[in-house]
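Please keep the sequence and the coordinates in view while reading.

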Amino acid sequence: MQTIQILWADDEIDHLKPHILFLNKKGYEVTPVCSGLDALEQCEKQYFDLVFLDENMPGMTGLETLQQIKQLKPNLPVIMITKSEEENIMEEAIASKIADYLIKPVNPNQILLAIKKCLDKKRLIAEHTTHSYQQDFRNIGMAFNEVNNFSEWVDIYKKLVFWELEMDMAESNQMREVLVSQKEEANVNFAKFVREQYLGWLNAPKDPHTPLMSHRLIPERVLPLLKDDEPVFFILIDNLRLDQWKILEPSIAEYFKVVEDSVYCSILPTATAYARNAIFAGLMPLEISYDYPTLWADEEDEGTKNNFEDEFLRRLMQRRHLNNIKTSYHKILNNKQGKALNDSLKTLMGNHLNAIVYNFVDMLSHARTDINVIRELAPDEAAYRAITHSWFLHSPLLELLKWLASQKVKVIITTDHGTIRTEKPFKIIGDKHTNTNLRYKQGKNLNYQGKNVVVTRKPEEFGLPKPNVSTSYVFATEDYFFAYPNNYNHYVKYYKDTFQHGGVSLEEMIVPFVILEPRN
């Protein structure tokens, strides 16, 4: 193993010999120098893994030396050591991207800990993450067979997402396959649970164990927040999974307090045409098709199925006798539209409720299916999350949130459904009128073999339209996707390892609902 090389610059370096000997015994090689100029000269001559830098040196100060080192070697970690506790010195050192800050007098163990924090941090975090997940693995597995209600499934899913993100941050792959396998097992059991409970949820909305569902979201969780002096911005990011929200949360938390970080349950099918229309109408799809037949688009109708969300929202307000509530609706499909919306924010502050739909994550999932370069950029779940985060950091949506953070507002961030990475094909046969979605099928005389589905032959019981007497719905579970026998191998190769929605899984059904307030 290669010896760690440390440069230590201090004008009283002779007094530090006991510390240097201690580090030598621990296997570190220390090069001592007594000035900032000598430190720079050594940095130019040889490689170092780490620099200890005294802040108060005659001639070139520690801060001046730090700036020169960072220009010379930007990625070289520097630990500042000082007698001073003046705030301005600390702030300048931190702004210059020091790795750590120690106050004299320092003892050998402090020095050793600082080295490990800088150089061994990734390894230590990875080992700790692996060990901690191993301890939690058995508890999560046992919980699968003891779940009695939706909220307990939420707890399980949150734990799985937590360990996914911990392994991402730790860059720990040792237990990742085990976690993937455990998540698959969780989805097998979750599908059984949904198969048994879904009808009961729809029939008993006031039961304490019934989850909040799409059609109840605005009436029960958004409208009660409306106040005369405080606009509500309801921001729906299409396809935003719980793990993706957790990746965005730290960036948003710089500007907002998270007042409520919860979830709700997307209706079936977990597809935009059903779930999002249900959100804005405050009705199940069957009710929408009955009450507003000219606004509801059946599966056989051409074009988008979400053209009337603004009208659904307007009629929802009318049914609730809230005609005095000023609302707006905006759908953002590209950066130009996002920037145009941001230019009108002062005007929107005059409304009680502003509903904004951002479609980027949905477009990303489709692009990953159709465009090879996107699939290369997002080969796995971690990379898919990273692309989502990168988009957000450079999007008009973040600029919108920054502006709102300076106002007296409430902000809601949510979604209509999530997505799952599909891996296993499931053969199904339908007639030419059967819809094309890969995670659910609606049609007559659907023919399939296997139990990896949730089925309703009475769509009206699931609150779904029934275009024909023999219409049924079949929902894929776990990570299956539907494939026709015709041209089967080509179809499977094209859609395997793509992100899809419409079916039954933790990722698609348990989705974020977050309420924010500005920090100021």
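Proline 269 is placed in the loop between β7 (256-265) and α11. In this predicted model, the peptide bond that leads from leucine 268 into proline 269 is cis, with omega near -10°. A cis peptide bond also joins lysine 104 and proline 105, where omega is about -5°. Proline 105 belongs to the loop between β5 (100-103) and α5 (108-119).

Two packed helices are described by the angle between their axes and the distance between the axes. For α11 (residues 272-281) and α13 (residues 309-319), the angle is about 35° and the axes are 7 Å apart. On the α11 side, the contact involves Arg276, Asn277, Phe280 and Ala281; on the α13 side, it involves Glu309, Phe312, Leu313, Leu316 and Arg319. By class, the residues of this contact comprise five nonpolar, one polar and three charged.

Asparagine 487 is not a glycine, yet its phi is positive, at about 50°. Asparagine 487 sits in the loop between β17 (480-483) and α20 (488-495). Aspartate 497, likewise not a glycine, has a positive phi of about 65°, and its place is in the loop between α20 and β18 (498-500). Which of these residues is buried, and which is exposed? Asparagine 487 is exposed, because its relative accessible area is 57%, whereas aspartate 497 counts as buried, with a relative accessible area of 18%.

Another asparagine, at position 187, is found within helix α8 (residues 176-203). Asparagine 187 has a relative accessible area of 4% and is therefore buried. Beyond its neighbours within four places in sequence, asparagine 187 is in contact with Ile420, Glu478, Ser505, Leu506 and Glu507.

The view now widens to the whole chain. The protein chain has 21 helices and 19 strands, and 54% of its 520 residues count as buried. Among contacts with a separation of 6 or more, 73% are between residues 24 or more positions apart. Along the principal axes, the C-alpha atoms fill a box of roughly 90 × 55 × 40 Å. The chain exposes about 24600 Å², of which carbon and sulfur atoms supply 50%. Its side chains include 59 positive and 71 negative ones, and the centres of these two sets lie 5 Å apart.

Definitions and conventions:
Residues numbered from 1 in each chain as written. Predicted model: local features only at pLDDT ≥ 70, side-chain atom pairs only at ≥ 80, totals over all residues. Heavy atoms only, no water. Axes fitted to C-alpha atoms, helices over the stretch in contact; angles between N-to-C directions. Helix = DSSP H or I, 4+ residues; strand = E, 2+ residues; numbered from the N terminus. Contact = heavy atoms within 4.5 Å. Nonpolar A, V, L, I, M, F, W, Y, C, P; charged D, E, K, R; others polar. Buried < 20%, exposed > 50% of the residue type's maximum accessible area, 1.4 Å probe, protein only. Areas by Shrake-Rupley, 256 points an atom, 1.4 Å probe, with all protein chains shown as cover. Lys, Arg positive; Asp, Glu negative; His and termini not counted. Charge placed at Lys NZ, Arg CZ, Asp CG, Glu CD.
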